Amino acid sequence: MDTPETLLLDRWIEAKDLEGLKQLYAADVVSFDVEPPLQHVGIEAKLKNWAKVFTFFQDVTYEVRDLTLAVGDEVAYGHCFGRLSGMLKNGTATSGTWVRATFCFRKIDGSWLIAHDQASVPFDVVSGTAVADLEP
């Protein structure tokens, strides 16, 4: 069933440029992404992180699996597995790495926007290294 939140995530998955992504985030978005620092605060910081993706990828795809949403009147949240993949600008194809993703949405002026997101990669506690080869 298409809800405003799933339609927003569909637009997010299909966005192929910074201007398209900018329309989907709240101005005060807080993001806990896989890259340092620990948090990215505000739309400009979030878009700066996305700009890196478009710098490295010639063609990029974002895949979402196992999306679960809980929706209220003004706030919603969801979690899923996500993976960036595609063709790098150097011509190398990459299948990417699956991450765990969480999204928090807020209804602002009648529109649902992403107010918080988090992407994480599991790590091995003993070695302290990421475990990047897991599949959902």
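Modeller: A residue is buried under 20% relative accessible area, exposed over 50%, and partly exposed in between, with a 1.4 Å probe and protein chains only. Both Trp12 and Trp50 are buried. This is a predicted model, in which local features need pLDDT of at least 70, side-chain atom pairs count only at pLDDT 80 or more, and totals for chains, interfaces and linings use all residues. Residues are numbered from 1 along each chain as its sequence is written, and side-chain values use heavy atoms, leaving out hydrogens and water.

Biologist: Is Glu14 buried or exposed?

Modeller: Glu14 has 55% relative accessibility and therefore counts as exposed. Glu14 belongs to helix H1; helices (H or I, at least four residues) and strands (E, at least two) are DSSP runs, numbered from the N terminus. Between Glu14 and Tyr25, eleven residues apart along the chain, the C-alpha separation is 14 Å.

Biologist: Which residues have the most contacts inside the largest nonpolar core?

Modeller: In soluble globular proteins, nonpolar side chains tend to be buried together. A nonpolar core is a set of buried Ala, Val, Leu, Ile, Met, Phe, Trp, Tyr and Cys residues joined through side-chain atoms within 4.5 Å. Here the largest such core has 26 residues, and Trp12, Leu21, Tyr25, Trp50, Phe103, Phe105 and Ile114 have the most contacts inside it. Two or more core residues come from each of helix H1 (4-14), strand E1 (25-32), helix H3 (43-56), strand E3 (57-71), strand E4 (75-88), strand E6 (98-108) and strand E7 (111-120). H3 supplies the largest share of this core, five residues.

Biologist: Which residues is Leu21 in contact with, leaving aside its neighbours within four places in sequence?

Modeller: Leu21 is in contact (heavy atoms within 4.5 Å) with Trp12, Ala15, Leu47, Trp50 and Phe54.

Biologist: How many aromatic pairs does the structure hold?

Modeller: Rings of Phe, Tyr and Trp (its six-membered ring) pair if their centres lie within 6.5 Å; planes under 30 degrees apart are stacked, over 60 edge-to-face, and the rest tilted. The structure holds five aromatic pairs. The ring centres of Trp12 and Trp50 are 5.8 Å apart with planes at 80°, so this pair is edge-to-face. Trp12 is in helix H1 and Trp50 in helix H3, so the pair ties together parts 38 residues apart in sequence. Trp12 also forms an edge-to-face pair with Phe103, at 5.1 Å centre to centre and 75° between the planes. That pair links helix H1 to strand E6, with Trp12 and Phe103 91 residues apart. One aromatic cluster is formed by Trp12, Trp50, Phe54, Tyr62, Phe103 and Phe105.

Biologist: What is the volume of the largest cavity?

Modeller: On a 1 Å grid over the protein atoms alone, a cavity is a set of points where a 1.4 Å probe fits but cannot get out; a pocket is an open set with protein on both sides within 12 Å along at least five of seven lines, and lining residues have an atom within 4 Å of a point. The largest cavity has a volume of about 80 Å³. Its lining includes Trp12, Leu21, Trp50 and Phe54. E3 gives the most to this lining, with three residues.

Biologist: Which residues lie nearest the centre of the largest pocket?

Modeller: Asp33, Val34, Val53, Leu84 and Val99 lie nearest its centre, among 28 lining residues. The pocket has a volume of about 610 Å³. H3 gives the most to its lining, with six residues.

Note on methods. Grid points are joined across faces, edges and corners, and a volume is the space filled by probe spheres set on the points.
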